[in-house]
Amino acid sequence: MTATDFGWDLDVHNRNGATLHAWGQPPQAIAGQVRVTWPRAAVRIHTRDLPAATHHWVLLEDDTLPLPTAGPRPARDTTTGRTATPPPPLPMTPSQEQAVRLVFADLLLWPPSLPANPLQLKQAATRLGISEQGVCDRLGWAHGRALQLGLHQEVGLTTPEYLYFLVSTGYLAPPTTQSCRVLRPWLDED
């Protein structure tokens, strides 16, 4: 792993493979050379000989790398000045964002945790102190924003595809947690 001005260059040669967990994005299997441009990403190294509950993680953090900003992006290779770009959807309200962050809390943890599953709507309603329909309404508005931004299809309210889309378009910011870096004096010695 090499830090660069744009993120990290990874060269994964582990025979058992690895999984990239970019914050707020779906995990993806990686191998060979991979370029990562995301402020928080974790690489889970797969092992064969250790117990299944054992995981080796490499955490990559660089808060100077920006997530995309909210709103639609201009079309590439536009040849006419007649293309109308609609204004971006409004940001989520605090109650909508609270519902999204609660239902998908496991998927938004930093550092990542396994297993990471969405919360059931009934559980979210109990924790928020509102009805299940109230949770559905809040998530429905968030889902609608993802559709306005270009999500390719409607998905269930506890299906994380629209969460990943909202993060990738800048509608959810990463947590403002303290860096996970552990300083070791012997690493900083010259």
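A pocket is an open set of grid points with protein on both sides within 12 Å along at least five of seven lines, and its volume is the space filled by probe spheres set on the points. In the predicted model described here, the second largest pocket has a volume of about 150 Å³. Its lining is formed by Leu20, Ala22, Gln25, Pro26, Gln28, Val34, Arg35, Val36, Thr37 and Trp38. Strand 3 (18-22) and strand 5 (32-36) are the elements that give two or more residues to this lining, and strand 5 provides the largest share, three residues. By class, the lining of the second largest pocket comprises six nonpolar, three polar and one charged residues.

The largest pocket has a volume of about 190 Å³. It is lined by 14 residues, of which His21, Pro27, Leu107, Pro112 and Ala116 lie closest to its centre. The lining of the largest pocket is made up of nine nonpolar, four polar and one charged residues.

With regard to the overall fold, the protein contains four helices and seven strands. Read from the N terminus, the elements follow the order β-β-β-β-β-β-β-α-α-α-α. Of the contacts in the protein with a separation of 6 or more, 57% are between residues 24 or more positions apart. The accessible surface amounts to about 12100 Å², and carbon and sulfur atoms account for 52% of this area. Among the 190 residues of the protein, 34% are buried.

In soluble globular proteins, nonpolar side chains tend to be buried together. In the present model, the largest nonpolar core has 46 residues, and the members that touch the most others are Leu10, Tyr162 and Leu163. At least two residues of this core are supplied by each of strand 2 (8-12), strand 3, strand 5, strand 6 (40-45), helix 1, helix 2, helix 3 (132-149) and helix 4 (161-168). Helix 3 makes the largest contribution to the core, with six residues.

The surroundings of Leu10 were examined with its neighbours within four places in sequence set aside. On that basis, Leu10 is in contact with Met1, Ile30, Gly32, Gln33, Val34, Val36, Val43 and Leu60. Two of these partners, Val34 and Val36, are also listed in the lining of the second largest pocket.

Tyr162 and Leu163 are among the buried residues of helix 4, together with Tyr164, Leu166 and Val167. The buried residues of this helix pack against helix 1 and helix 3. Just after helix 4, Gly170 adopts a positive phi of about 85°.

With neighbours within four places in sequence left out, the contacts of Val155 are His143, Glu161 and Tyr162. Val155 and His143 are separated by 12 residues in sequence, and their C-alpha atoms are 8.2 Å apart.

Ala125 counts as buried because its relative accessibility is 5%. Apart from neighbours within four places in sequence, Ala125 is in contact with Ile130, Ser131, Glu132 and Val135. Ala125 and Val103 are 22 residues apart along the chain, with a distance of 9.5 Å between their C-alpha atoms.

Two cis peptide bonds were also noted, one between Trp110 and Pro111 and another between Leu114 and Pro115. For the bond joining Trp110 and Pro111, omega is about -5°. For the bond from Leu114 to Pro115, omega is near -10°. Pro111 is situated in the loop between helix 1 (94-103) and helix 2 (121-128), and Pro115 also lies in the loop between helix 1 and helix 2.

Definitions and conventions: Residues are numbered from 1 along each chain as its sequence is written. This is a predicted model: local features need pLDDT of at least 70, side-chain atom pairs count only at pLDDT 80 or more; totals for chains, interfaces and linings use all residues. Side-chain values use heavy atoms; hydrogens and water are left out. Buried means under 20% relative accessible area, exposed over 50%, partly exposed in between (1.4 Å probe, protein chains only). Contact means heavy atoms within 4.5 Å. Accessible areas come from the Shrake-Rupley method with a 1.4 Å probe; for residues, only the protein chains shown count as cover. On a 1 Å grid over the protein atoms alone, a cavity is a set of points where a 1.4 Å probe fits but cannot get out, and a pocket is an open set with protein on both sides within 12 Å along at least five of seven lines; lining residues have an atom within 4 Å of a point. Ala, Val, Leu, Ile, Met, Phe, Trp, Tyr, Cys and Pro count as nonpolar, Asp, Glu, Lys and Arg as charged, and the others, Gly among them, as polar. A nonpolar core is a set of buried Ala, Val, Leu, Ile, Met, Phe, Trp, Tyr and Cys residues joined through side-chain atoms within 4.5 Å.
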